[in-house]
Structure formats: C-alpha cells, structure tokens
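Welcome, and please open your viewer.

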Amino acid sequence: MSNIKLSWYPYTLKLKHPFTISNNSRTTTPDVLVEMEYEGMIGYGEASLPPYLKETQKSVQSFLTQIDLSSFDDKTDLSSVLSGIDNLSPGNNAAKASIDIALHDLVGKIKQLPVYKMYEIPKREVLTSCTIGIDSTEMILNKLKEADNFSYIKVKLGTDDDRKLINTIRTETDKPIFADINQGWKNREEALELTQSFHENNVLLIEQPFRKSNYKDTAWLTARSPIPIIADEAVQRLSDLDNIKDAYSGINIKLMKSTGISEAYKMIIRARQLNLKVMLGCMTETSCAISAAAHLSSLADWVDLDGNILINNDLFNGVKATRGKIIPNDLPGLGINKIAV
Ligand code: MG
C-alpha cells in the first residue's frame, strides 16, 4: 500500500496591476501550493492569502503539518477525510481549502472523473465578470479596454467618488456592472440614493455595502433596494447562511472562505433553500483554484472567476476566462496541468 505523500511550498502571486479596494492596496498576494502524490498521480491544491485576512503562509504551513493522510486509499470517503481535517482546529479556511482542492483533484484522477461529474453538476459555459480595482480615471479607461472580451464588469467602490467612477465607466461602455463596496458605505440614506442611481446605470448588484457587522442598515437597504444586495465579507461558511439570510438578497461564495469545493457546494444548496441568490467569486489565485471553482460555476447566478487573469506568474494551465467565459474541462480531477518552470 502506498500512502499519500503530502508536500507544499510558499509562492508569491505577482499582480499585473496594483490592486486597490476601499481599504487596502497591494502588488502581490501570498499563496501556498499543495501537492498530494498517490500511486503516480498528483493532486494539486492552493491557499490564496490576501493580507486583509488573518491567514498567512506561516499559519497555513503550520496547519498542514498537522494533517495525517496515512490511512488514505482509493476507497477512502472524501467527506469523512474533510470533516476530520475541519475538526483539527477552527478557522484556517484557506489552508483547509488547499487540502480540499488537492483531494478533489486526486480523487477525480483516481476515479477518472472531472470534479463536476463527481457532483453531477451540469456542464455549461457561463460568463464571468472582469474586476477593475480603484484607480485613476486614465487607468480605469485602460483597464476597460483590456476587459473588452468580457460581458460584465466588476468595480471596486466604497470611496467618496463612487458616483463619478460609475459615470466614468459609462463614458466607455454600457456593459452591466457588479458594484463591490467592500464595506465602504457609512450612511444608509446615501446608500439607498446611490443604489437607485446605480440601478438606472445598469448596475446589476451591490456587494457588501456596509461593515459586515452592520446587519441593521444592510437589512434596511436590502428591503428598499431595486437591485440585489450580496454578502461577501459577512459570509464565510455554511453555518453563516442562516444568520444573514434576512439581511441580504444573496451570497458571494469563494473557495478560500468556504474551506473548499465540498462546503461551497453545500452552501449553494442551502442558499437555494433560503431563497438567496448565489455569486461564485475568488481571490487572486492561480488556475488551480480558479479551475476548481469552475466546476461549480453552472450552479451560480453570477460568476466572478478572473483571479488568475490578474496575475502574471500562473503555475497551471487550466480554466482561464481570457474571452470572458468559464467552462470546466473534461480531464480528470480539476482538469489542470502544472506548467514546467
Ligand atoms: Mg467582494
């Protein structure tokens, strides 16, 4: 019996453009890449660690040292392994995601099935948005040209210039917009006024308008807004859904928050039961985690899986929305290959 050999290494994702959101700006994203080798097959996983979250390369690596996969064989039940790992310690969501993603890749390779078939999810091409961070007018217009292949634009807002920025975009394109406020709005009456004006400007949804703890103003805005109000920072895992269900119209699910594919899938099912809309999002990530999310993409109302396009040192060939479209491929597991470096 050959056991799984688990290994990992820190990696720094380099961003094509400095990425600015309402409370933070950066040019790199720390990351940890995971490999699981079993009988000549390798499962790949990844933990992406934007610095505004608590996890670091150090915390991920220290979590990974606790993992014992010595009893794994090709009969092992994936969900029991994942719940064992989840119970090792609270938090560590991205670290847990890296293991979940690598296990899905490996089990898919053992079963010779792409992940979407393991879950019996329909295969369908979906359109993803392209994300534009906070920037100068000139840079925003440049980035819009780069996003020419995309049908949706996602903009980072949450400053005093939100209205001006939407108007700037409207001088260049009338494409539908997802507006991500990243907790930046403070006043609910002003927020409602902006929401109404955005609606008239073909903004389709608002993500995380107020601080994640501000349940009261969010519920007030959601009850009055002409467009859906989506929870991002306010929702990490499955257990959060029942707490926020009355304050938002939907949720943004990201593998790095949800601890991976398995729980993201359960969140989609639960969101539907609660009549919540579903957006599938990402961090800046390589094509490993983006391809993982792509297997779930046909279940979402809106897809924002462009994190691998925003970096210039991807390590994998996989799903890449260079033409604004996402579709999982049919290779076993995640459907990715590591690029030789
Ligand atoms: Mg967001």
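**Stop one: the second largest pocket**

Select H17, C130, E146, I309 and L310: of the 20 residues lining the second largest pocket, these lie nearest its centre. A pocket here is an open set of points on a 1 Å grid over the protein atoms alone, where a 1.4 Å probe fits and protein lies on both sides within 12 Å along at least five of seven lines; lining residues have an atom within 4 Å of a point. Next, colour β1, β5 (129-132) and α5 (137-146), the elements that each give two or more residues to this lining. Helices (H or I, at least four residues) and strands (E, at least two) are DSSP runs, numbered from the N terminus. With 5 residues, β1 provides the largest share. This pocket lies between domain 1 (5-112) and domain 2 (118-338), because both give residues to its lining; the domain bounds come from an automatic or database domain assignment.

The model is predicted: local features need pLDDT of at least 70 and side-chain atom pairs pLDDT 80 or more, while totals for chains, interfaces and linings use all residues. Residues are numbered from 1 along each chain as its sequence is written, and side-chain values use heavy atoms, without hydrogens and water.

**Stop two: the largest pocket**

Now select Y52, L53, Q183, E233 and Q236, the closest to the centre of the largest pocket among its 41 lining residues.
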